Amino acid sequence: MDQVLNKNLCDVDTESCASEGGAQTVQWSDTTQHSQRINLLRNYLSILPTYDDRIPHSGIKNVHEHPIAWSRNMLESLFPKYTHTYNLIMSYQTMVQSEYDALKSASPNEFGSNVNFTQYLVMRVNVLSRAFSAMVSRDDVGPSWNAMGSQSLSDEIMSYSYTTSNFAQPSSGIKASDELKFRSMCPLLDMYNSHPSPNVIWRYDAVTSSYLIHANSGGIPSSNEIIVSYGHYTEGHLFSKYGYVNGDGSSKTEISLNVFHRILGNVGLSWQYSPLPFHVWRNTVTQSTTRQTTQYTEQTLDMQSKELLRYLLFDDGHTDCVDFNDHGSLSTHQELKLLKFLHLKRLANIERAWIVRLPARNPNAQPLQGDSLPDSRSQKDENRVGIDAKNILSICRLLSLTADDIGGNAIKYLHTGYYQSSSKHSYFRVEKHEDVLEYRALLCVVRLSDVLFRRYGKYEQPHVSVEPKDTNSREWTAWYIIEGEIRLLSILRSTAANEANKIKNRMRLPSSMMRDIPCPIESSLPLLQIQANA
């Protein structure tokens with residue numbers, strides 16, 4: 001864990017540096033530096049929320065309560081299992097646990113003996129929900145730990161290894177030695193509440209090594225609260241990360257239609273966490289990849305492949321099921337289904353490919369002031385829909401393709417798209433072609449929506465969906481998020497069904513083009529071996 005530093009950093013404290021062939025290292029195993037810094041930060045640390053603040057208490061909702069600190073029973077009592085916000089909260093919880101396990105494994109004596117999971121959890125949530133971004137360059141001297149006689153913040157950040165820090169990634173076009181991204185805890189700034197319509201803006205100033213806050217034009221009326229913006233978050237993501245919602249319809253809503261498989265790449269947390277190593281779902285290779293990691297990854301992806309087969313079992317547009325148990329060379333229909341499967345495997349762990357979003361219901365909402373309470377039903381523009389479902393519609397076009405589509409060139413179309421979209425930054429999308437394909441694709445969206453609807457179960461019932469009276473309760477927050485997700489899902493399903501019905505009536509299409517019952521999975525299982533050899 002020792003990191004190579006420039007010699008001038010070691011001149012300050014020769015006891016913490018060792019010379020070997022001219023290279024200077026800081027001994028990170030020396031925990032005395034941490035206790036010294038804690039003394040410097042003690043006043044700030046004392047005002048941060050504690051573990052008792054973060055966990056739920058019977059009958060009340062603490063203002064600092066956070067879903068990452070919930071038990072599994074608490075989470076499942078408030079959110080339906082495997083729905084979008086439920087999955088986000090679970091991902092954050094798994095991220096924190098995996099971080100702690102990794103740190104404890106890497107440093108069993110220094111870290112493992114001094115930090116238990118409860119302590120790590122509360123401080124990790126504090127950092128996650130209160131840290132701000134900034135850029136550190138060689139010209140940014142930062143504050144100096146003068147009481148310790150140690151290096152500047154900038155030099156310390158420069159000493160961290162890029163391979164062990166998610167935030168120390170060089171900006172595009174800038175050398176790693178010139179500029180680094182990092183997260184910063186900033187007293188006072190982290191006490192301001194957030195809203196998509198803030199009355200101040202903030203930015204990090206490298207010249208003064210500080211955060212500057214400027215009021216919007218017109219200033220801030222007397223007695224009004226200072227409001228910043230943490231960024232553009234959907235309702236579920238805002239709650240999962242920061243532990244609150246504004247509750248006024250000011251944020252977007254999103255759902256994910258990966259109803260038959262679990263996403264193993266970016267689950268909405270970007271570089272912070274993914275179930276599989278980053279290089280797997282970003283199609284990159286690192287020297288640190290071990291054989292054990294590779295074997296685990298292969299086993300996990302093999303299990304996911306079996307899940308993905310469920311999307312292909314309906315064989316819409318075909319009179320008979322496409323059966324792979326017939327020996328011999330692949331037929332046209334089998335070759336097309338194989339190409340669909342290869343595309344689907346590439347799409348499986350790209351989160352945005354499965355996401356559907358709805359704009360804010362009340363984009364002009366303003367931050368509440370004083371003791372005002374959120375009114376989730378006020379000033380909503382129900383005519384403002386603008387649903388963004390282009391990605392899931394593209395996936396359903398892929399699933400619904402037959403060999404006769406795209407002028408009889410469906411196989412060539414998918415083959416070309418597969419080899420032209422190998423970049424880790426892009427993926428192949430099936431665009432709109434014939435109306436008959438669009439009809440099947442729209443009904444595919446309906447099918448996936450129905451599967452997701454069933455996960456909400458009792459929450460669809462009128463007596464359950466009644467708005468709780470206490471808008472400060474965790475029950476109200478959960479209701480507000482779930483109500484938004486169900487509304488989005490309802491709009492998606494009804495829109496897809498209506499558009500499909502228009503095409504059907506215009507073209508007088510038979511209902512038999514779509515299957516209500518999937519084909520036997522046994523007819524598609526040989527695909528797993530065939531694609532492995534493709």
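Reader: Why does lysine 390 count as exposed?

Author: Lysine 390 has 52% relative accessibility, and exposed means over 50% relative accessible area, buried under 20% and partly exposed in between, with a 1.4 Å probe and protein chains only. Lysine 390 therefore counts as exposed. The model is predicted, so local features need pLDDT of at least 70 and side-chain atom pairs count only at pLDDT 80 or more, while totals for chains, interfaces and linings use all residues. Residues are numbered from 1 along each chain as its sequence is written, and side-chain values use heavy atoms, with hydrogens and water left out.

Reader: What makes the pair of lysine 390 and aspartate 388 a salt bridge?

Author: Their side chains meet at 3.1 Å, N to O. A salt bridge is a side-chain nitrogen of Lys or Arg within 4 Å of a carboxyl oxygen of Asp or Glu, so the pair qualifies. Aspartate 388 counts as partly exposed because its relative accessibility is 30%.

Reader: How many salt bridges does a search of the whole structure find?

Author: The search finds 15. In one network of salt bridges, Glu65, Arg474 and Glu475 are linked.

Reader: Why is lysine 340 said to have no salt bridge?

Author: The nearest side chain of opposite charge, aspartate 315, is 5.8 Å away, and the limit is 4 Å. Lys and Arg count as positive and Asp and Glu as negative, with His and the chain ends not counted. Lysine 340 is buried and sits in helix α11, residues 332-347; helices (H or I, at least four residues) are DSSP runs, numbered from the N terminus.

Reader: What does the side chain of lysine 340 reach?

Author: It reaches the backbone oxygen of leucine 401 at 2.6 Å. Not counting residues up to four places away in sequence, lysine 340 also touches residues including Leu312, Leu398 and Leu414, where contact means heavy atoms within 4.5 Å.

Reader: How do you know that aspartate 405 is buried?

Author: Its relative accessible area is 3%, so the value falls in the buried range. Aspartate 405 forms a salt bridge with arginine 440, with the closest N and O atoms 2.3 Å apart. Aspartate 405 lies in helix α13 (residues 405-408) and arginine 440 in helix α15 (residues 435-456), so the pair ties together parts 35 residues apart in sequence. Arginine 440 is buried because its relative accessible area is 2%.

Reader: Why is arginine 493 called partly exposed?

Author: Arginine 493 has a relative accessible area of 30%, so the value lies between the buried and exposed limits.

Conventions:
Helix = DSSP H or I, 4+ residues; strand = E, 2+ residues; numbered from the N terminus. Polar contact = N/O pair within 3.5 Å; in protein donor to acceptor, adjacent residues only side chain to side chain.
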